[in-house]
Amino acid sequence: MNESSTGLSAPGAAAPAETPSTEPAVPVTAAEPNGTAGGRALAGMAVLRSSAGRNLGLVVALGLLCVVGVVTAGDRFADVDNILTILRLAATIGVVSIGMTFVITGGGIDLSVGAILALASVWSTTLATQAMANDVHWLVMVVAALAVGAGCGLVNGLLIAYGGVVPFIATLAMLASARGLAEILSDRRTQIINVPAFREAFNGEVLGIPVLVLIFVLVAVVGWIVLNRTTFGRRTLAVGGNPEAARLAGIRVQRHTVMLYVVVGLCCGIAALMLVARTTTGSSTHGTLYELDAIAAVVIGGTLLSGGRGTIVGTVFGVLIFTTLSNVFTLNNLSISVQSVVKGLIIVVAVLLQQRLASRSKT
Amino acid sequence: MNESSTGLSAPGAAAPAETPSTEPAVPVTAAEPNGTAGGRALAGMAVLRSSAGRNLGLVVALGLLCVVGVVTAGDRFADVDNILTILRLAATIGVVSIGMTFVITGGGIDLSVGAILALASVWSTTLATQAMANDVHWLVMVVAALAVGAGCGLVNGLLIAYGGVVPFIATLAMLASARGLAEILSDRRTQIINVPAFREAFNGEVLGIPVLVLIFVLVAVVGWIVLNRTTFGRRTLAVGGNPEAARLAGIRVQRHTVMLYVVVGLCCGIAALMLVARTTTGSSTHGTLYELDAIAAVVIGGTLLSGGRGTIVGTVFGVLIFTTLSNVFTLNNLSISVQSVVKGLIIVVAVLLQQRLASRSKT
Amino acid sequence: MHGIIKKFPGVLALGGVDLEVRAGEVHCLLGQNGAGKSTLIKVLSAAYQPDGGTIVWDGGTVSLTTPVAAMGLGISTIYQELDLVADLTVAENIFLGHEVSRGGFSRRSHANAQARALLERLGHGEISPTRPVGTLSPAAQQVVSMARALSHRTRLLILDEPSAVLDQEEVRNLFRVIRNLTAEGVAVIYISHRLEEIRQIGDRITVLKDGRTVATGLQVEDTPTQDLIQLMTGRSIEYVFPPRRPADDFGDPVLEVRGLSVSGVFSTVDLTVHAGEIVGLAGLVGAGRSEILEAIYGARRPSTGTVSVAGRRLRSGAVAASVRAGVGLCPEERKSQGLLLDHPVFHNITVSTLARFSRGGFLNGAAERAEAEQLTTALDVRPAGVNRPVRNLSGGNQQKVVLARWLMRECRVLLLDEPTRGVDVGARTEIYTLIRSLADKGVAIVVVSSEIEEVLGLADRVLTVREGVVVHEAPATELDESRVLDLVMEGSVA
Amino acid sequence: TSNSPETSNASGGTSNAASGSNDEAGDTVTIGFSAPAADHGWMAAITQAAKDQADQYEDVDLKVAEGTNDVNLQISQVETFINDGVDAIVLLPFDGAAMTPVALKAMEAGIPVINVDREFNDPNAARVTVLGDNYGMGVSAGQYVCEQVGDDKGAVVAEIAGIDSLPLTQDRSQGFKDALATCGQKVDNRVAADFTVEGGERAASNLLQAAPKIDALWNHDDDQGVGVLAAIENANRDEFIMVGGAGSANAMRSIEAGDGVLAATVIYPSTQGADGVKMARLLVQGKAMGDLAEVSVPRTVQLFAPVVTEDNVDQYLPSAFES
Ligand SMILES: Nc1ncnc2c1ncn2[C@@H]1O[C@H](COP(=O)(O)OP(=O)(O)OP(=O)(O)O)[C@@H](O)[C@H]1O
Ligand SMILES: Nc1ncnc2c1ncn2[C@@H]1O[C@H](COP(=O)(O)OP(=O)(O)OP(=O)(O)O)[C@@H](O)[C@H]1O
Ligand SMILES: [Mg+2]
Ligand SMILES: [Mg+2]
């Protein structure tokens with residue numbers, strides 16, 4: 001997809017070519033080639049500064065939400081435990097969204113994340129897997145979930161890259177199939193896990209921070225490095241921005257596309273484990289509608305739905321905004337329905353604002 | 001959106017330029033300019049023939065399903081009443097899918113159809129509307145549903161065409177908001193209608209054919225004519241095919257885009273009325289996940305998800321395939337889970353087959 | 001390359017082509033639009049897989065299955081359509097696919113330094129390696145493509161119409177780089193429709209016609225231009241412009257532009273075009289001529305100024321209003337701005353004239369096709385047949401389709417942006433004649449072209465644009481090429 | 001009152017009740033069965049129990065249209081039953097009101113409809129209605145909470161509801177509220193989940209933050225309760241008592257063990273579908289319910305919603321459903 005994918009050509013909207021994510025603020029650039037430590041530090045700061053700039057709208061939005069939280073719920077909101085609760089809730093969908101960021105940046109989309117998550121959660125908690133986990137090691141469950149995630153991602157990727165099925169449709173088919181499979185496998189029962197070691201490993205805390213949150217942070221950091229600092233990441237941008245150019249430049253676009261779907265599949269596997277640990281169950285209903293939440297978070301964050309531009313930091317903000325919203329609503333005993341309406345408004349306002357900021361920063 | 005939106009560039013897949021939908025088989029064309037009745041009739045036949053050709057895969061798929069139905073369920077399947085059951089089931093989602101065909105052909109997508117349907121069903125069945133309907137005329141309910149549908153479509157369209165929000169996101173926001181609104185409006189209660197005239201009007205039969213099915217047929221026929229035989233349809237193809245070129249050719253792309261979303265909104269309004277009549281209720285849970293079903297049906301039918309090519313006949317086939325599938329499963333007491341898996345497989349196989357056929361017909 | 005065959009659905013693009021290139025030479029590939037030049041070099045760079053034939057490299061037969069394989073041999077290509085990723089930086093684009101990295105991690109400062117070195121070697125040190133390519137002008141993007149080609153260990157460099165987006169100064173610069181390369185023993189395949197460039201840079205020539213080699217290995221010095229044209233077209237034609245009308249023969253003013261500006265791009269353009277008159281806009285690439293046309297057309301919202309057609313003011317920023325008032329535009333980028341590539345030819349022709357074929361919104365498809373057929377026959381669009389998707393036509397024929405759209409519309413003002421870009425000699429003359437005959441019918445025409453010769457030969461009056469300002473205006477007969485060049489360059493040279 | 005736990009040693013379920021001559025084989029009865037998607041332990045148990053029940057009779061041919069949450073599809077399933085000319089239809093509607101017209105159509109076609117759990121809005125649409133007692137469930141839970149914390153005027157009572165848009169959820173909440181009112185309590189914090197484990201966990205995590213101190217918590221559904229308990233454990237909270245709903249075996253085992261916050265659960269019988277099948281069979285074969293003097297099957301049967309606590313859990317555990 002390219003710009004014209006918006007299906008319109010408003011003079012203003014036709015060229016929302018925001019400064020891409022890797023370019024530091026201008027003056028510092030000159031210092032960089034020297035490769036000195038000072039230059040690097042400066043560049044690093046510039047990255048931070050410019051990324052804060054680009055994400056200003058998101059920071060403001062999250063800040064506003066927090067202010068609302070503090071005003072309406074006071075200490076109950078600004079409590080360490082509450083913050084950790086928000087982060088724990090954000091962790092699962094966050095990991096999925098990081099994976100989604102890669103696929104979308106690479107010009108695709110994945111509607112099957114929720115279903116893959118469900119299938120992975122079921123597969124990793126079948127009686128057989130659990131028995132083996134108890135006999136051998138709880139890592140068996142981890143391997144099972146990751147294998148299922150990667151496997152489904154592989155199928156998606158092959159269908160899309162080599163079968164020529166558009167991503168929306170291929171993953172829609174996977175959505176139906178994977179959830180169906182999860183139901184068949186679990187016989188639609190909630191599978192309660194009985195592997196104490198697994199639960200301990202995932203539900204513990206390190207330095208007061210829940211392991212689940214740490215996993216989220218880890219996935220986000222790795223995701224950021226991969227997207228911004230490795231050839232894999234650069235190629236993802238190229239494949240998403242102009243697949244034909246990428247192909248002619250010698251990038252194996254098809255293989256790369258497959259890898260992207262495997263990456264998001266793996267993220268679903270990780271998220272499945274986190275959800276299994278959190279709920280102590282595997283179930284075919286896990287992850288329902290995660291696809292829409294993840295896509296919303298990614299796009300709110302500033303990743304271009306048409307591919308070619310992606311930001312992990314933005315995605316993390318997107319996830320936090322939605323999770324905080326839901327927390328503030330619950331703290332205030334407000335209804336899911338109102339929350340739903342507000343969520344819709346936030347999505348629209350955020351995207352409109354981003355465009356406004358982007359076009360202002362250009363002139 | 002253009003070709004590159006598939007996010008890949010497999011040599012085979014990169015140019016799926018099938019002959020566009022309005023082009024009849026070649027030899028007859030020469031006769032047509034005379035405008036004689038004979039020429040027209042011939043042209044008509046050619047259209048039928050070529051459309052049968054293009055939809056061959058779909059005809060075969062539906063045929064196969066019917067064979068399976070007859071073999072496994074015998075007379076219970078091949079019964080007039082059962083056929084009518086299938087058609088009645090297909091009618092609601094069918095009308096939505098026709099609208100969706102327009103939006104997708106025009107290069108957009110609408111994830112909010114189910115939510116708009118729900119909101120329209122709720123709005124047209126509030127106590128106030130019903131009271132007015134009983135006082136004045138049942139058409140009040142019809143007007144209410146259509147107005148809500150068109151209104152939501154208008155908001156979608158304005159956001160997309162003038163706000164520059166990508167269709168996926170704008171309609172995702174509408175999905176959240178409209179369903180939230182429907183819940184607030186109905187207080188999450190099922191609203192039972194008490195307007196006998198309305199129920200009679202919609203639940204009757206004409207010549208043994210249920211009114212609901214007739215509405216579906218009518219919408220499909222009107223949709224076909226509009227897409228293939230009017231300037232509106234031609235412009236839709238142009239806007240979906242290359243919005244920038246369409247704009248420079250003097251088409252008001254933005255206005256046209258808005259109209260497309262209003263059209264799909266109207267279809268949702270019609271579908272809402274049909275569902276209200278069928279269930280005698282308005283509810284915020286109506287139409288859940290219709291968006292995915294409709295998109296799947298449209299794409300199975302052969303409409304290009306990236307815009308620029310659309311087929312109403314294909315969409316009708318797509319809807320019928322899914323509905324018949326579910327009927328065959330019900331007749332054979334098979335599980336929804338297996339059905340879900342099969343549905344995923346059908347989607348993939350149908351799309352792959354279409355590509356194979358398209359590329360063969362090209363050489 | 002021997003007997004290369006490439007089929008596209010319904011078209012035999014290459015029907016057995018032979019080409020032989022030696023180290024250190026500039027081998028020019030000539031041929032009309034659709035002759036198969038681009039297809040041939042795409043086969044050579046493995047962007048396409050051939051349906052037959054062999055490629056011999058250094059004496060051994062090779063089979064190039066992926067672009068990587070071709071690059072591995074040292075074949076670098078600059079494609080006709082720019083092939084850069086807009087959101088990546090200059091350096092990232094240059095090293096795309098062979099990134100400067102260690103263990104999968106990018107080494108950005110190294111990449112930037114190397115990119116800067118390459119750009120300096122190309123004489124464009126001013127292009128910052130960290131700028132996103134999408135923000136560069138087409139000419140600068142061409143330089144980046146060039147740098148990318150040089151970033152490989154190149155033994156054969158293929159350039160497909162590199163000069164199409166470059167002005168004369170840039171072209172000279174390009175030739176300097178090419179000469180340096182050939183001196184190092186690199187072989188170059190050079191494709192261009194500008195025959196005078198071939199004279200300047202080429203060593204030997206291969207001519208393609210309808211997907212076949214009609215002559216190969218011609219020495220440039222020994223081959224007169226006449227012969228080349230004969231080979232390309234199969235007939236002998238003059239590179240001629242149709243005669244002008246006397247200056248006092250024009251009708252009333254049709255197009256009147258007053259104080260038109262788009263902030264940051266061009267300012268206060270005044271322009272009057274009479275019925276039957278052709279006005280040319282000369283200038284360097286990036287001078288803002290396309291934007292002037294777009295603003296007149298309403299495709300770009302002007303910050304100040306008015307446009308009137310036949311005395312009636314046009315609503316600013318509204319293309320549809322302009323079209324209704326009888327203005328037409330053939331945009332610069334045919335494929336992305338002009339055409340519905342996957343739609344049949346007749347859709348593309350009638351798209352602006354739908355109202356004529358409709359009654360109450362219902363279309364008369366037969367009439368539509370018939371009229372389109374007449375036009376394509378008159379314009380000699382090849383291959384014939386209005387149901388073919390435009391994607392399958394060559395560049396020149398695609399341009400004719402766009403022209404046909406406005407011919408059908410019978411508009412009063414026609415804005416042409418680079419109407420002959422990428423169009424071969426034969427078709428060029430046809431297009432010139434067509435434009436002149438339109439003017440003779442009373443259409444007011446504005447032409448933008450980067451070829452000064454074309455502007456001078458075609459237009460009655462020439463406006464010279466420099467950095468968004470009209471700096472000079474005179475009848476074409478009072479100007480010659482060097483004078484215009486002077487005007488155009490003044491600011492940038494001095 | 002009759003719902004208090006003390007009186008609940010009367011038989012709660014009906015599964016093993018009506019025996020005797022009624023079970024002797026008669027003419028073969030074809031029964032169509034349709035229920036919402038079994039995406040939830042209780043709902044799965046409903047369908048399973050109906051199937052098991054049918055298997056016990058050689059004269060019952062049960063056609064199960066697999067569950068769906070799309071009323072449009074469910075209507076067409078019932079239409080298929082009508083086309084097939086089944087002898088009776090057991091219908092657990094996704095939405096009672098929405099399924100009323102098609103049920104009426106079946107009744108008009110001479111096919112008796114047994115309405116299970118979610119009630120139609122027209123009494124003519126069903127020959128027999130088998131209902132759980134949703135309002136009563138709320139009342140039972142409320143009364144139990146009153147007994148435990150009723151004296152403490154500052155007690156914090158919280159509620160985690162199921163899918164808010166279902167009438168049954170609204171009934172349960174109403175019952176809970178009404179019962180609490182009798183002892184001067186009210187619901188201080190309420191969130192709705194979606195009957196899934198994940199939804200329960202998410203809702204509970206947020207709720208536990210919203211209410212730093214809780215005295216009693218009622219969770220409508222033991223399936224989502226698995227997630228609720230996980231959230232409570234993650235938050236290291238144990239200062240309150242929790243009451244469950246529906247009565248899964250899992251919840252009962254936890255009550256039996258007595259090591260967690262779960263002190264009780266209110267049964268919502270998952271045997272309703274099975275009862276529906278039994279009654280459909282009796283109805284078609286023209287038999288009466290064994291222990292009643294009445295000669296035909298009654299019009300409405302409402303099942304009892306007893307509270308299960310540590311004291312009586314052994315009595316209910318065997319018939320509880322596995323989630
Ligand atoms: N992707 C394609 N699909 C179908 N036909 C094609 C395709 N690309 C090129 N062709 C056809 O192949 C023939 C050769 O085209 P090619 O682009 O090689 O010509 P060219 O010599 O480069 O012309 P130009 O000077 O206009 O660039 C033309 O007839 C064209 O219509
Ligand atoms: N989308 C854009 N955003 C910012 N600047 C732009 C954009 N498009 C063009 N410009 C700038 O506007 C000026 C004029 O552009 P353009 O290259 O179209 O001029 P031109 O004279 O029409 O050239 P050509 O000969 O290629 O048609 C240049 O300085 C260019 O960099
Ligand atoms: Mg070419
Ligand atoms: Mg230009």
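This is a predicted model: local features need pLDDT of at least 70, side-chain atom pairs count only at pLDDT 80 or more; totals for chains, interfaces and linings use all residues.
Residues are numbered from 1 along each chain as its sequence is written, chains are lettered from A and ligands numbered from 1 in the order in which they are written, and side-chain values use heavy atoms, with hydrogens and water left out.

The interface of chain B and chain A brings 58 residues of chain B into contact with 59 residues of chain A, contact meaning heavy atoms within 4.5 Å. The two chains bury about 4700 Å² between them, and 71% of this area lies on carbon and sulfur atoms. Buried area is the accessible area (1.4 Å probe) that two parts lose on being put together, summed over both. Zero salt bridges are found across this interface, a salt bridge being a side-chain nitrogen of Lys or Arg within 4 Å of a carboxyl oxygen of Asp or Glu. Seven residue pairs, with both members at pLDDT 80 or more, are in polar contact between chain B and chain A. A polar contact is a pair of N or O atoms within 3.5 Å; within protein, one must be able to donate a hydrogen and the other to accept it, and residues adjacent in sequence count only if both atoms are side-chain atoms. On the side of chain B that touches chain A, at least two residues each come from helix 7 (139-161), helix 8 (167-186), helix 12 (243-248), helix 13 (253-279), helix 14 (290-300) and helix 16 (336-362) of chain B. Helices (H or I, at least four residues) and strands (E, at least two) are DSSP runs, numbered from the N terminus. This side of chain B consists of 36 nonpolar, 18 polar and four charged residues. In this classification Ala, Val, Leu, Ile, Met, Phe, Trp, Tyr, Cys and Pro count as nonpolar, Asp, Glu, Lys and Arg as charged, and the others, Gly among them, as polar.

Chain D also meets chain A, with 28 residues from chain D and 29 residues from chain A taking part. About 2400 Å² is buried between these two chains, 48% of it on carbon and sulfur atoms. Of the area that chain D buries against chain A, 27% is supplied by E198(D), N206(D) and Q209(D), more than by any other three residues. Two salt bridges are counted between chain D and chain A; E233(D) and R199(A) form a salt bridge through their side chains, at 2.7 Å from N to O. Eight residue pairs, both members at pLDDT 80 or more, are in polar contact across this interface. Strand 7 (187-192), helix 6 (197-210) and helix 7 (222-234) of chain D each contribute at least two residues to the side of chain D that touches chain A. Helix 6 gives the most, with nine residues. By class, this side of chain D has nine nonpolar, nine polar and 10 charged residues.

Ligand 1 has 20 residues around it, of which N33(C), K37(C), S38(C), T39(C) and N392(C) come nearest; a residue is near a molecule if one of its heavy atoms lies within 4 Å of it. Oxygen atoms of ligand 1 lie 2.6 Å from a side-chain N or O atom of S38(C), 2.5 Å from a side-chain N or O atom of T39(C), and 3.3 Å from a backbone N or O atom of A35(C). The protein covers 85% of the 630 Å² of accessible area that ligand 1 has on its own, as computed by the Shrake-Rupley method with a 1.4 Å probe. Strand 2 (11-17) and helix 1 (37-44) of chain C are the elements that give two or more residues to the shell, and helix 1 of chain C gives the most, with three residues. The shell around ligand 1 comprises six nonpolar, 12 polar and two charged residues.

The surroundings of ligand 2 include V265(C), L284(C), R289(C), E332(C), E418(C) and S450(C). Oxygen atoms of ligand 2 lie 3.1 Å from a polar backbone atom of A287(C), 2.5 Å from a polar backbone atom of S290(C), and 2.9 Å from a side-chain N or O atom of E291(C). Of the 620 Å² of accessible area that ligand 2 has on its own, the protein covers 62%. The shell around ligand 2 has four nonpolar, four polar and four charged residues.

Over all chains, 39 salt bridges are counted. The side chains of E25(C) and R204(C) form a salt bridge at 2.7 Å from N to O. This pair links distant parts of the chain, 179 residues apart: E25(C) is in the loop between strand 2 and strand 3 (26-31) of chain C, and R204(C) is in strand 11 (residues 204-209) of chain C.
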